[in-house]
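Subject: Structure handover

Hello,

Here is the structure I said I would pass on. My notes on what was found in it follow below.

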Amino acid sequence: MEKESQGKVIIQCLPNYGGLFHYAVFLFNSKDEAVYRGTTSDEGIVEVPVHAGDEYEVMVKAPECMCPKAVSRWVELAPRGTCGLNFLFSTDPFIPDSHNVSFYFTDRNYVGLPISKGELYLCQGLM
Amino acid sequence: MPRPYVINITNGTGSERVLNGDYSVATNVTGYDNTSVQPATQTIAAGTDTYAFTVAATGTLTLHVTEDGTAGGTPVVGAAFARCDSGGTTYGPAVTSDASGNAVFSYVPFAETGAPLIYYKQTASDGDHEFNPALVNTTMTASTQTIEVTNSLAALRTIALTDGNYANLPIETGTITLS
């Protein structure tokens, strides 16, 4: 049986002002079948091994605070070929990165009684 | 992953610039049960700039009301107290002394060191005893604590009733009502 030749697509996602973000990467073949799902490294890079000799759609979805929200490119790979794709993302101008938030902290058993002194911690990724 | 946000709370409020997203919530409040914070998760969303949280304490403060302010004194039944903030505003239902003279505040904060002040004031006695209505405070270093409170018997007063047109002519019988 003849071994299929294998190439790769190197995808790099760059934010316009720097910082570390993870981007979701999808690869679809000419039959519109998903052949890869993954995320980029902290530096925004991922190498996707593919079977050459087909036309592939590379789709990248950005984090919520970036735009465009998603972008696609089509590539046709030669046998054992390597293709490099760069995608540039910027801060979504219509969604503020952050906004000033007020917090109210009271005693549960004495409704409205303010907590005189303390700290609240908000942590992402632990829910 | 963004860094955790630390919001310093003073007198019930704090503010911070926070990215939209889903967060788990934790607290550090001396004297309270930090595992009791609610809600335990919070979504910060665009367009919503105010969020409220609560936390609970587990201590018990007993006010023992007697005529002489001692553990063995005559209990005063029906003395009412309210939990307050430092400005004297009351919160929660009033507590009233029972047949043993005990009025109990449940769910109050305590800590070996650094416990917050607990403000309270007496709002009524039983009608036959004097009381001090001033705002007072205490701290609790243990989960239970008893404070002796004095409600003295009302002083004996002499009331004179005389005829308005014949100076000092006593009214033989009658009643005066003070309300």
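The contact between the two chains draws 56 residues from chain B and 33 residues from chain A. Please keep in mind that this is a predicted model. Together, chain B and chain A bury about 4,500 Å², and carbon and sulfur atoms account for 56% of that area. On the side of chain B that touches chain A, the element giving the most is strand β3 (residues 21-28) of chain B, with eight residues. Sorted by class, that side of chain B holds 30 nonpolar, 20 polar and six charged residues.

As for specific interactions, 27 residue pairs are in polar contact between chain B and chain A, counting pairs with both residues at pLDDT 80 or more. The number of salt bridges found across this interface is zero.

Strands also pair across the two chains. Strand β9 (residues 98-107) of chain A runs parallel to strand β6 (residues 50-56) of chain B, and the pairing has six bridges. A:Asp107 stands opposite B:Val55, a residue of β6(B).

One residue within chain B is worth a separate note. B:Ser97 sits in the loop that links β9 (90-96) and β10 (102-108) of chain B. Is B:Ser97 buried or exposed? B:Ser97 counts as buried because its relative accessible area is 4%, under the 20% cut-off. A polar atom of the B:Ser97 side chain lies 2.7 Å from the backbone oxygen of B:Val76. Beyond its neighbours within four places in sequence, B:Ser97 has contacts that include B:Val65, B:Val77, B:Gly78 and B:Asn102.

Regards

Conventions. Residues numbered from 1 in each chain as written. Chains lettered and ligands numbered in written order. Predicted model: local features only at pLDDT ≥ 70, side-chain atom pairs only at ≥ 80, totals over all residues. Heavy atoms only, no water. Contact = heavy atoms within 4.5 Å. Buried area = accessible area lost by both parts, 1.4 Å probe. Salt bridge = Lys/Arg side-chain N within 4 Å of Asp/Glu carboxyl O. Polar contact = N/O pair within 3.5 Å; in protein donor to acceptor, adjacent residues only side chain to side chain. Helix = DSSP H or I, 4+ residues; strand = E, 2+ residues; numbered from the N terminus. Nonpolar A, V, L, I, M, F, W, Y, C, P; charged D, E, K, R; others polar. Pairing = 2+ DSSP bridges. Buried < 20%, exposed > 50% of the residue type's maximum accessible area, 1.4 Å probe, protein only.
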